[in-house]
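Please read each point alongside the coordinates.

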Amino acid sequence: MRKKWTVTCILVFVVSALLAACGSGADKNTISFWTPLTGDDGAYMDQLVKDYNATNPEFKVKHIVTADMYTKISTVLNTGKGVPDLAIIHADRVPGYVKQGVLEPMTAVLGAQPEIKEANYLPQAWATGNIGGTQYTVPLDIHSNAMYYNKDLLKKYNAESFLDDNVVTIDEMLSLQGKLDEGDYVVNDALLGWVILAQVQNLGGDIQQDGKPAVNTEAMKQAFENVKKIADAGLMTPFGEDGYLMFQSGNVLFSTDGTWSSTAHAAVEGLNFGVTNIYSPTPEKFTNRASSHLFAMLKNDERSDEKEAGIGAFLEFIRQNSMEWAKAGQIVASKQVIESPEYQTYIQSFFTSNEEEIKSLYIYTYEYYPYVAEAVDTYAADIVRGNVGIGETLQTMQKYVEDKIAESSKAAE
């Protein structure tokens, strides 16, 4: 019995060691690269890594798709074992990670690769990785809320003029009340939380004040009231229905999903669509709530200076050769890519077609943004559909965020 127990322990030890080696890139000539990119996104990144490795670099890259990546990052950072050499994180994670001291500055990478610099990337994508004057990340993309439109339905309902200034207003949407055939709708509720956060910016508001969360505000209240007008008029796809699929079925004029959805829409036979900005109260101000995938190096004592130089070489390759990532529907962060003629053939190039469009891509960088977004996503549908009152629910959301912050602060002690 004792022998069996001993063998079992040895097996557990061996398996644990293998897992740690896989995560940390134990091969000194391999860069272990974690991403949360599942599905098609993961496949496109696989191809980029394959293309890079085909150049026969000194340090090859091993792409490891990690669906629950942030949970696993927390685990390996706590143990100090299996920390990846490189990872892709979302923009909203940067402030918290820097505060926790778990990100390695990109100083050495930037020093070795002079073209990896602010001037060569979309400004907000670069800036989101700069904390206190130190650059902690290098951007891959901006992925943004977008509003797709059905060209055939716009023509059918004589609404093509809505796009004349590329800003569809709430009043323009409301003008279609009582004019649609049964089963047709003006807009769906896809990524509704993102839409609400865009409206907050359109109204001159924010989600924080002096570092404290600001959810129960007049701007947030007005944002919900404006969107609720569309639902109250019967112009939004029914509560509980999949408005995304209804758009693909040809029953919705506008779909407020993401730039990455363009590939799925393009695969729908007969769907004649285009893309524009998220709707706004006025044409003078429009915002497309966005985020960014960022290359980052987590603190890792086992990562050598030579491997760090290899990471720099990989990131420079991505800067020059990330057209493959455009196929995923993303707004590539590298100016060299987005300014090329080939990139203009991708529908998301609309969002980098001029300075005003680039400026519309708004990335929230508030440290506790994830908690605010969670609260908005949790309650947005019920508020917009009138299932709950706006005032009392905003109070609930404010407390929700404050409680989350208190819990995280206590856990960090």
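1. The structure discussed here is a predicted model.

2. Helices α2 and α13. Two packed helices are described by the angle between their axes and the distance between the axes. Helix α2 covers residues 39-53 and helix α13 covers residues 305-321; their axes come within 11 Å and cross at roughly 115 degrees. Because angles of 65 to 115 degrees count as roughly perpendicular, α2 and α13 are described as roughly perpendicular to each other. Their crossing is right-handed.

3. Residues between α2 and α13. On the α2 side, the contact involves L48, V49, D51 and Y52, which meet G310, A313, F314, F317, I318 and N321 of α13. By class, the residues of this contact comprise seven nonpolar, two polar and one charged.

4. Helices α9 and α10. The axes of α9 (residues 192-202) and helix α10 come within 8 Å, with a crossing angle of roughly 125 degrees. The two helices are therefore oblique to each other, and the crossing of α9 and α10 is right-handed. From α9, the residues L192, V195, I196, L197, Q199 and V200 meet A219, M220, A223, F224 and V227 in α10. The contact of α9 with α10 consists of ten nonpolar residues and one polar residue, with no charged residue.

5. Helices α10 and α17. Helix α10 (residues 218-232) also packs with α17: the axes of this pair come within 9 Å and cross at roughly 45 degrees. The arrangement of α10 and α17 is therefore oblique, and α10 passes α17 in a right-handed crossing. The contributors from α10 are M220, F224, V227, K228, A231 and D232, while α17 supplies V376, A380, I383 and V384. Eight nonpolar and two charged residues make up the contact of α10 with α17, and no polar residue takes part. Among the α10 residues, M220, F224 and V227 belong to the contact with α17 and also meet α9.

6. The largest pocket. About 1,100 Å³ of space lies in the largest pocket. Its lining is formed by 34 residues, and those nearest the centre are R93, Y97, Q100, P370 and Y371. The elements that each give two or more residues to this lining are α3 (69-79), α4 (94-100), β15 (288-291), α17 (369-384) and α18 (390-412). By class, the lining of the largest pocket divides into 15 nonpolar, twelve polar and seven charged residues.

7. The cavity. How many cavities of 30 Å³ or more does a search of the whole structure find? The search finds one, and the volume of the largest cavity is about 30 Å³. This cavity is lined by A91, D92, R289, A290, S291, I363, Y364 and Y369.

Key
Residues are numbered from 1 along each chain as its sequence is written. This is a predicted model: local features need pLDDT of at least 70, side-chain atom pairs count only at pLDDT 80 or more; totals for chains, interfaces and linings use all residues. Side-chain values use heavy atoms; hydrogens and water are left out. Axes are lines fitted to C-alpha atoms, for helices over the stretch in contact, and angles run from 0 to 180 degrees between N-to-C directions. Helices (H or I, at least four residues) and strands (E, at least two) are DSSP runs, numbered from the N terminus. Angles under 35 degrees count as roughly parallel, over 145 as roughly antiparallel, 65 to 115 as roughly perpendicular and the rest as oblique. A crossing is left-handed if the near helix is turned anticlockwise from the far one by less than a right angle, and right-handed if clockwise. Contact means heavy atoms within 4.5 Å. Ala, Val, Leu, Ile, Met, Phe, Trp, Tyr, Cys and Pro count as nonpolar, Asp, Glu, Lys and Arg as charged, and the others, Gly among them, as polar. On a 1 Å grid over the protein atoms alone, a cavity is a set of points where a 1.4 Å probe fits but cannot get out, and a pocket is an open set with protein on both sides within 12 Å along at least five of seven lines; lining residues have an atom within 4 Å of a point. Grid points are joined across faces, edges and corners, and a volume is the space filled by probe spheres set on the points.
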